[in-house]
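Reader: I have a model open and want to go through it with you. Can we start with the strands and then move on to side chains?

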Amino acid sequence: MFSLLTQWSFLFLPHFGSGGVYLNLGPHASTLPDVKSFQLLMKCGNCGEISEKWQYIRLMDSVALKGGRGSASMVQKCKLCARENSIEILSSTIKSYNAEDNEKFKTIVEFECRGLEPVDFQPQAGFAAEGVESRTVFSDINLQEKEQ
């Protein structure tokens, strides 16, 4: 049986205007235990079927893989080909987007994918930002608006 193992990164490019308004945007260190999920659309690596619904992948979740082969953040059975696929959030890769990163792409999280391919990302709860000058923490930042 062939198993596709890939590692995916999500690049992030918010725009804060000249000089930058926020520092440390992302799954902020002070809110990391509260990061509810990364919301992804997935594609099966075996048959190419793209899920109709967004999949919520949480850092705190751990699901056992078949045959005692370890665990993953999410295990999903493809509706079309019935193959069991999994994805794991690599917790050590979660990064903040800092003022120095303004107008640059930056990887904010990486996933270990086995048979799944993320095709879209929608930020959800758990993101926070800290003011560059005031150091005021802004929690529950809404990052759902996408460029057209």
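Reader: Which order do the strands of the open sheet have?
Author: This is a predicted model. Its open sheet of 3 strands has the order 4-3-10, and the pairing is antiparallel.

Reader: Which strands stand at the edges?
Author: Strand 4, residues 55–57, and strand 10, residues 116–122. Each has a single partner strand, so one side of each is left without a neighbour in the sheet.

Reader: And what does the twist average from one strand to the next?
Author: The twist averages 45 degrees.

Reader: How many bridges join strand 3 to strand 4?
Author: There are 3 bridges between strand 4 and strand 3, which covers residues 38–44. The two strands run antiparallel.

Reader: What is the bridge partner of Gln39 in strand 4?
Author: Gln39 has Tyr56 as its bridge partner there.

Reader: Switching to side chains. How many aromatic pairs does the structure hold?
Author: It holds 2 aromatic pairs. One of them is Phe38 with Phe111: the ring centres are 5.9 Å apart and the planes stand at 85 degrees. Planes over 60 degrees apart count as edge-to-face, so this pair is edge-to-face.

Reader: Where do Phe38 and Phe111 lie?
Author: Phe38 is in strand 3, and Phe111 is in strand 9, residues 106–114. The pair therefore ties together parts that are 73 residues apart in sequence.

Reader: Are they buried or exposed?
Author: Phe38 is buried, at 2% relative accessible area. Phe111 is buried too, at 0%.

Reader: What about the rings of Phe38 and Phe121?
Author: Their centres are 6.3 Å apart with the planes at 35 degrees, so that pair is tilted. Phe121 lies in strand 10 and Phe38 in strand 3, so the contact ties together parts 83 residues apart in sequence.

Reader: Phe121, buried or exposed?
Author: Buried, with a relative accessible area of 10%. The cut-off for buried is under 20%.

Reader: Which residues form the aromatic cluster, then?
Author: Phe38, Phe111 and Phe121 form one cluster.

Reader: On to charges. How many salt bridges does the structure hold?
Author: The structure holds 3 salt bridges. Among them is the one where the side chains of Glu117 and Lys43 meet, at 3.8 Å from N to O.

Reader: Which strands do those two lie in?
Author: Glu117 lies in strand 10 and Lys43 in strand 3. Parts that are 74 residues apart in sequence are therefore tied together by this pair.

Reader: What is the relative accessible area of each?
Author: Glu117 has 25%, which makes it partly exposed. Lys43 has 26% and is also partly exposed.

Reader: Which residue does Asp61 form a salt bridge with?
Author: With Arg58, and the closest N and O atoms are 2.9 Å apart. Asp61 counts as partly exposed at 25% relative accessibility. Arg58 is partly exposed as well, with a relative accessible area of 32%.

Reader: How accessible are Arg114 and Glu112?
Author: Arg114 counts as partly exposed at 34% relative accessibility. For Glu112 the value is 25%, again partly exposed.

Technical notes: Residues numbered from 1 in each chain as written. Predicted model: local features only at pLDDT ≥ 70, side-chain atom pairs only at ≥ 80, totals over all residues. Heavy atoms only, no water. Pairing = 2+ DSSP bridges. Helix = DSSP H or I, 4+ residues; strand = E, 2+ residues; numbered from the N terminus. Axes fitted to C-alpha atoms, helices over the stretch in contact; angles between N-to-C directions. Phe/Tyr/Trp six-rings, centres within 6.5 Å; stacked < 30°, edge-to-face > 60°. Buried < 20%, exposed > 50% of the residue type's maximum accessible area, 1.4 Å probe, protein only. Salt bridge = Lys/Arg side-chain N within 4 Å of Asp/Glu carboxyl O.
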